[in-house]
Amino acid sequence: MAVVYIVSTGPGGTKHLTTLAKEAIEKSEVIVGYKKYLDDLRDLITNKEQFSSGMTQEIQRCQVAIDYAKSGKDTCIISNGDVNVFGMATLIVELIDKQDLWDIVELESIAGVTSFLAAASLVGAPVSQDFAIISLSDRLTDISLIQKRVDLALEGDFIIGIYNPISKKRTKPYINLLQ
């Protein structure tokens, strides 16, 4: 049974890449990922078969990784940050489950450094109390639910890590969310 490694690269490049992530990349015959992430790993993947695509093509990349594994090739799908925090892990699991491939494809999720924790370290702001990480992306989550999450995190006096404050289509920040 071939393996799909869901590999976290940390906040970018190879600086925060874990030993387990490097090992998974070495073991893999095929590397699948967003073009920029593969470019960042160029030195580690030069002798590997590769598939890359642009932003917003996550479903396609996950399916391609699954298809490579179904054909018998150990495959690595690259996600920045940690694959379990707004990363590719959820999508891969959903696709494998929907296609009932648990007896055909082995899945291994490799944890990584989130950009929230890397940024906190970089600016010297240790996260030593309870915290919440909230995405402001309304692509998959209704804005009213995002507002509720922000309100409750503020009410609970949590340290809040904000992901996706703006995007190409949504260039104005949610001013009212953080008031």
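**Group meeting: a helix pair and a parallel sheet**

The crossing of H4 and H5 is right-handed. Before I go on, a reminder that this is a predicted model.

Now the geometry of that pair. H4 covers residues 58-70 and H5 covers residues 89-98; their axes come within 10 Å, and they cross at roughly 60°. Angles of 65 to 115 degrees would count as roughly perpendicular and those under 35 degrees as roughly parallel, so H4 is oblique to H5.

Which residues make the contact? From H4 there are Glu 58, Ile 59, Cys 62, Gln 63 and Ile 66, and they meet Leu 91, Ile 92, Leu 95 and Ile 96 of H5. By class, the residues of this contact are seven nonpolar, one polar and one charged.

Next, the sheet. The sheet is open and has five strands, in the order S3-S2-S4-S1-S5, with parallel pairing. At the edges are S3, residues 49-53, and S5, residues 105-110, and each of these pairs on one side only. From one strand to the next, the twist averages 20°.

Take one pairing inside that order. S1, residues 2-8, and S4, residues 75-79, run parallel and are joined by five bridges. What is the bridge partner of Val 7 in S4? The partner is Ile 78.

Last, a helix on the sheet. H1, residues 19-27, lies across S1, S2, S4 and S5, with S2 being residues 30-34. Relative to S1, helix H1 runs at about 140°.

That is the end of my part.

Notes: Residues are numbered from 1 along each chain as its sequence is written. This is a predicted model: local features need pLDDT of at least 70, side-chain atom pairs count only at pLDDT 80 or more; totals for chains, interfaces and linings use all residues. Side-chain values use heavy atoms; hydrogens and water are left out. Axes are lines fitted to C-alpha atoms, for helices over the stretch in contact, and angles run from 0 to 180 degrees between N-to-C directions. Helices (H or I, at least four residues) and strands (E, at least two) are DSSP runs, numbered from the N terminus. Angles under 35 degrees count as roughly parallel, over 145 as roughly antiparallel, 65 to 115 as roughly perpendicular and the rest as oblique. A crossing is left-handed if the near helix is turned anticlockwise from the far one by less than a right angle, and right-handed if clockwise. Contact means heavy atoms within 4.5 Å. Ala, Val, Leu, Ile, Met, Phe, Trp, Tyr, Cys and Pro count as nonpolar, Asp, Glu, Lys and Arg as charged, and the others, Gly among them, as polar. Two strands pair if DSSP finds at least two bridges between them.
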